[in-house]
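Here are my notes on this one, written for someone opening it for the first time. Keep the viewer at hand and follow along point by point.

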Amino acid sequence: MGWFSAEISTMHDLFLHGLQDIYYAEHQIEKSLPDMIKKASDAQLKKGFQMHLRQTKGQIKRLDRAFKLLKEKPKGTKCPAIDGIIDEANEIAGEIDDKVVLNAALIAAAQAVEHYEITRYGTLTAWAKAMGHSSVAKLLHANLNEEKATDKKLNTLAKSKINRKAIARKQKKPTRAEREAMMQATVGIPAI
Ligand code: FE
Ligand code: FE
Ligand code: FE
């Protein structure tokens with residue numbers, strides 16, 4: 001379903017599109033969290049991601065119930081925003097070899113995900129309420145609260161130790177072989 005296609009003409013269509021968007025996003029998050037758990041070397045961060053994976057599965061169940069209450073079939077629609085956030089996270093993680101610095105990057109990436117979810121659930125909750133779908137609004141609000149709590153926890157973890165530890169890491173000294181390779185690479189470059 002494209003943003004400006006005629007498939008979205010009423011507020012109900014728009015609301016449904018939003019639900020499908022976050023449904024897709026939650027499934028992508030569910031798929032990417034095991035990798036984040038593997039990459040995190042801080043025990044608390046690892047535990048936090050494990051807990052959020054369990055919560056994510058519960059959030060998907062709430063969305064299933066929301067679709068059911070609306071008498072709609074649960075389905076996802078491609079969300080380029082979450083795909084982009086996850087791609088970017090993987091790209092950056094792939095370029096970091098220091099595990100401690102990687103923890104800081106993982107938190108930053110996870111917070112980007114949470115913020116996307118917070119904005120979507122915020123809007124969807126407001127729309128559900130305004131359209132009189134109070135039971136659906138409650139389910140969406142429960143998800144919203146979990147995302148907010150997760151973001152807060154990540155913030156505390158970053159500020160209490162992970163950022164500090166990452167900043168304290170010194171740049172790895174090049175080995176003799178690497179130094180020689182660098183010297184050789186500079187030979188032959190004419191002085192300007
Ligand atoms: Fe979620
Ligand atoms: Fe989206
Ligand atoms: Fe989340």
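1. R169 is partly exposed, with a relative accessible area of 43%; here buried means under 20%, exposed over 50%, and partly exposed in between, using a 1.4 Å probe and protein chains only. R169 forms a salt bridge with D98, and their closest N and O atoms are 2.9 Å apart. A salt bridge here is a side-chain nitrogen of Lys or Arg within 4 Å of a carboxyl oxygen of Asp or Glu. The R169–D98 pair links distant parts of the chain, 71 residues apart: R169 sits in the loop between helix 5 and helix 6 (176-186), and D98 in the loop between helix 3 and helix 4. D98 itself is buried, at 18% relative accessible area.

2. A word on what you are looking at. This is a predicted model, in which local features need pLDDT of at least 70 and side-chain atom pairs count only at pLDDT 80 or more, while totals for chains, interfaces and linings use all residues. Residues are numbered from 1 along each chain as its sequence is written, chains are lettered from A and ligands numbered from 1 in the order in which they are written, and side-chain values use heavy atoms, with hydrogens and water left out. Helices (H or I, at least four residues) are DSSP runs, numbered from the N terminus.

3. Back to the charged pairs. Side chains of opposite charge can pair when their charged atoms come close. The count comes to 8 salt bridges by the rule used here. One of them joins K161 and D42, with the closest N and O atoms 2.9 Å apart. K161 lies in helix 5 and D42 in the loop between helix 1 (11-39) and helix 2, so this pair ties together parts that are 119 residues apart in sequence. K161 and D42 are both buried.

4. Buried or exposed: which is D83? D83 counts as buried, at 14% relative accessibility, whereas K78 is exposed, with a relative accessible area of 56%.

5. Two of them, E117 in helix 4 (residues 99-130) and E147 in helix 5 (residues 134-168), link distant parts of the chain, 30 residues apart. Both E117 and E147 are buried.

6. The iron ion (ligand 3) is coordinated by H52 (NE2), E114 (OE), E114 (OE), E117 (OE) and E147 (OE), at 2.1 to 2.6 Å. Its donor residues are spaced H-x61-E-x2-E-x29-E in sequence. The iron ion (ligand 3) and the iron ion (ligand 1) are 3.2 Å apart, with E117 coordinating both.

7. Stay with helix 4 for a moment. E114 and E117 both lie there, 3 residues apart, which is about one turn of the helix. E114 is buried at 3% relative accessible area, and E117 counts as buried at 0% relative accessibility.

8. A backbone detail: most residues other than glycine have a negative phi. K71, though, has a positive phi, near 60 degrees, and is not a glycine. K71 is found in the loop between helix 2 (43-69) and helix 3, and counts as exposed at 76% relative accessibility.

9. Finally, two pairs to find in the viewer. Q184, in helix 6, is exposed at 62% relative accessible area. The C-alpha atoms of Q184 and N143 are separated by 57 Å, with the two residues 41 apart along the chain. S160 lies in helix 5 and counts as partly exposed at 41% relative accessibility. S160 and A177 are 17 residues apart in sequence and 38 Å apart in space, C-alpha to C-alpha.

How values were computed:
Helix = DSSP H or I, 4+ residues; strand = E, 2+ residues; numbered from the N terminus. Donors = N, O, S within 2.8 Å, 3.2 Å for Na, K, Ca; no water.
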